[in-house]
Amino acid sequence: MTDPVLATHNLSKSFGALTATDDVTLDLRAGEIHAVIGPNGAGKSTLIAQICGGLTPDRGRIEFLGRDVTQEPTRLRARAGLGRTFQISALAMEDSVLQNVMLGALGAMGRPWQFLRPALKDDALRDRAEAALARVGLTDARAKRTAELSHGQRRQLEVAVALSLQPKAFVMDEPMAGLGSEGSKQLTGFLDSLRADAPILLVEHDMDAVFALADRISVLVYGKVIETGTVAEIRASKAVRDAYLGGEA
Ligand SMILES: Nc1ncnc2c1ncn2[C@@H]1O[C@H](COP(=O)(O)OP(=O)(O)OP(=O)(O)O)[C@@H](O)[C@H]1O
């Protein structure tokens with residue numbers, strides 16, 4: 001088997017007496033969607049924050065593309081190709097859709113924002129941004145103010161921002177949140193195709209989306225991975241049913 005693109009090894013993080021991430025070992029392989037599910041407070045956001053660099057683990061390590069990145073700041077991980085999405089507030093609502101993609105790419109490439117004006121005339125950057133917008137189907141909206149986009153389109157724009165960095169892996173935090181059933185269905189179809197660009201570590205509460213998309217699922221309960229397996233394995237797991245899925249499975 002080829003090496004995983006992204007892996008955590010025995011990752012642990014406590015807040016005072018509370019262990020939010022408890023010895024978490026999981027990996028993300030090329031071409032897959034690996035979903036992380038678990039009840040509220042299970043530690044999913046804490047796990048993602050450590051993977052992306054917002055929180056430093058107490059113990060354990062994170063490897064990205066075979067390199068130990070545990071102590072690296074977020075921007076270096078992003079520059080190395082770790083594409084995080086769905087921080088909606090990161091979008092500049094008054095800027096155009098195209099500018100947002102260019103801005104995002106520029107920031108993650110580590111170029112200071114005071115050079116934004118010249119950068120907006122940078123043909124290579126513009127081409128990359130246009131290609132990312134085309135990939136998510138937002139070409140026609142490129143000149144719109146971001147504030148005019150629908151909720152679902154903003155999700156697509158977040159993906160375009162991440163795509164413009166030509167990521168080697170995506171980390172997605174509840175992409176379906178706030179979308180209606182039609183919006184979720186559309187985004188599910190899109191994410192399904194996106195795994196060909198880069199594998200996706202997907203934290204998501206929407207079980208329809210998870211069961212439709214995931215190649216593997218890890219179930220987090222009280223900070224611990226209690227099971228990792230295929231959709232069928234997770235559905236059949238008594239431990240998961242008892243701890244989490246209840247009557248849903
Ligand atoms: N900065 C913090 N300080 C103290 N406790 C925290 C902090 N961040 C998270 N926690 C606690 O750690 C636990 C895990 O929280 P986390 O947000 O990671 O869970 P989650 O699985 O993402 O939950 P949800 O599904 O509701 O988003 C919770 O008990 C939470 O209250």
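This is a predicted model: local features need pLDDT of at least 70, side-chain atom pairs count only at pLDDT 80 or more; totals for chains, interfaces and linings use all residues.
To see them, select Phe15, Leu18, Ala20, Gly38, Asn40, Gly41, Ala42, Gly43, Lys44, Ser45 and Thr46, which are the residues around the ligand.

Next, colour the secondary structure. Which elements each supply at least two residues of the shell around the ligand? They are strand S2, residues 18-28, and helix H1, residues 44-52. Of the elements, H1 gives the most to this shell, with three residues.

Now turn to the division into domains. Select residues 1-81 together with 167-249 for domain 1, and then residues 87-166 for domain 2. The centres of the two domains, taken over C-alpha atoms, are separated by 25 Å.

The place where the domains touch is the following stop. Here 14 residues of domain 1 are in contact with 11 residues of domain 2. On the side of domain 1 that touches domain 2, select helix H2, residues 74-80, and helix H7, residues 181-194; these are the elements that give two or more residues to that side. Which of them provides the largest share? Helix H7 does, with four residues.

Finally, colour this side of domain 1 by residue type. The residues that touch domain 2 divide into seven nonpolar, four polar and three charged.

Technical notes:
Residues are numbered from 1 along each chain as its sequence is written. A residue is near a molecule or strand if its C-beta atom, placed from the backbone, lies within 6 Å of it. Domain bounds come from an automatic or database domain assignment. Two residues are in contact if their C-beta atoms, placed from the backbone, lie within 7 Å. Ala, Val, Leu, Ile, Met, Phe, Trp, Tyr, Cys and Pro count as nonpolar, Asp, Glu, Lys and Arg as charged, and the others, Gly among them, as polar.
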